[in-house]
Amino acid sequence: MTDIPRITAEELKGRIQAGEEFTLIDVRNPKAWAQSSVKADGAIRVPLEGFEEHLQEIPRNKPVVTYCT
């Protein structure tokens with residue numbers, strides 16, 4: 001498996017403000033989703049459990065960033 005780069009929330013924010021586009025994926029579990037009404041603008045909610053079942057929902061034309069709490 002290749003190493004997956006990590007970026008901080010601040011780095012992501014700066015890169016978005018600089019005009020870079022990303023596909024944001026919220027991988028929080030359903031309990032965490034229920035406890036929060038907050039998500040990143042345009043994020044796709046895909047649980048880690050069964051992630052492979054949702055691969056077709058993820059656009060492939062820009063870098064992907066996943067996040068959780």
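These notebook entries record what I looked up in a predicted model.

**Entry 1: the sheet**

I began with the strands. Three of them form an open sheet, and their order is β2-β1-β3. The pairing in this sheet is parallel. I then asked which strands stand at the edges. They are β2 (44-45) and β3 (64-67). Each of these has a single partner strand, so one side of each is left without a neighbour in the sheet. I also looked up how β1 is joined to β3, and I found four bridges between these parallel strands.

**Entry 2: D26**

I next turned to D26, which is found in strand β1 (residues 23-26). Across the sheet, D26 stands opposite Y67 in β3. Is D26 buried or exposed? Its relative accessible area is 0%. Buried means under 20%, so D26 is buried. I listed the residues that D26 contacts, leaving aside neighbours within four places in sequence. They are W33, K39, I44, R45, V46 and Y67.

**Entry 3: R28 and its polar contacts**

I followed the side chain of D26 to its polar partner. It makes a polar contact with the side chain of R28, at 2.5 Å. R28 lies in the loop between β1 and α2 (30-34). I noted a relative accessibility of 6% for R28, and it therefore counts as buried. Not counting residues up to four places away in sequence, R28 touches W33, S36, V38, K39, R45, P47, Y67, C68 and T69.

**Entry 4: the nonpolar cores**

I then asked which residues make up the largest nonpolar core. There are six in all: I25, V27, I44, V46, F51 and I58. Apart from this core lies another, of five residues, with L12, F22, L24 and A43 among them. I returned to V27 and looked up its contacts, leaving aside neighbours within four places in sequence. V27 is in contact with V46, P47, L48, F51, T66, Y67 and C68.

**Entry 5: the largest pocket**

I looked up the largest pocket and found a volume of about 890 Å³. How many residues line the largest pocket? The lining has 25 residues, and P5, V64, V65, T66 and Y67 lie nearest the centre of the pocket. I checked which elements contribute to this lining. At least two residues come from each of α1 (9-17), β1 and β3. The most are given by β3, with four residues.

**Entry 6: two exposed loop residues**

Q35 has its place in the loop between α2 and β2. Its relative accessible area is 63%. Exposed means over 50%, so Q35 is exposed. Q35 and V46 are 11 residues apart along the chain, and I noted 16 Å between their C-alpha atoms. N61 is found in the loop between β2 and β3. At 66% relative accessibility, N61 counts as exposed. I also looked up N61 and A9, which are 52 residues apart along the chain. Their C-alpha atoms are separated by 21 Å.

Notes: Residues numbered from 1 in each chain as written. Predicted model: local features only at pLDDT ≥ 70, side-chain atom pairs only at ≥ 80, totals over all residues. Heavy atoms only, no water. Buried < 20%, exposed > 50% of the residue type's maximum accessible area, 1.4 Å probe, protein only. Polar contact = N/O pair within 3.5 Å; in protein donor to acceptor, adjacent residues only side chain to side chain. Contact = heavy atoms within 4.5 Å. Core = buried A, V, L, I, M, F, W, Y, C linked by side-chain atoms within 4.5 Å. Pairing = 2+ DSSP bridges. 1 Å grid on protein atoms, 1.4 Å probe; cavity = no way out; pocket = protein on both sides within 12 Å on 5 of 7 lines; lining within 4 Å. Points joined across faces, edges and corners; volume = space filled by probe spheres on them.
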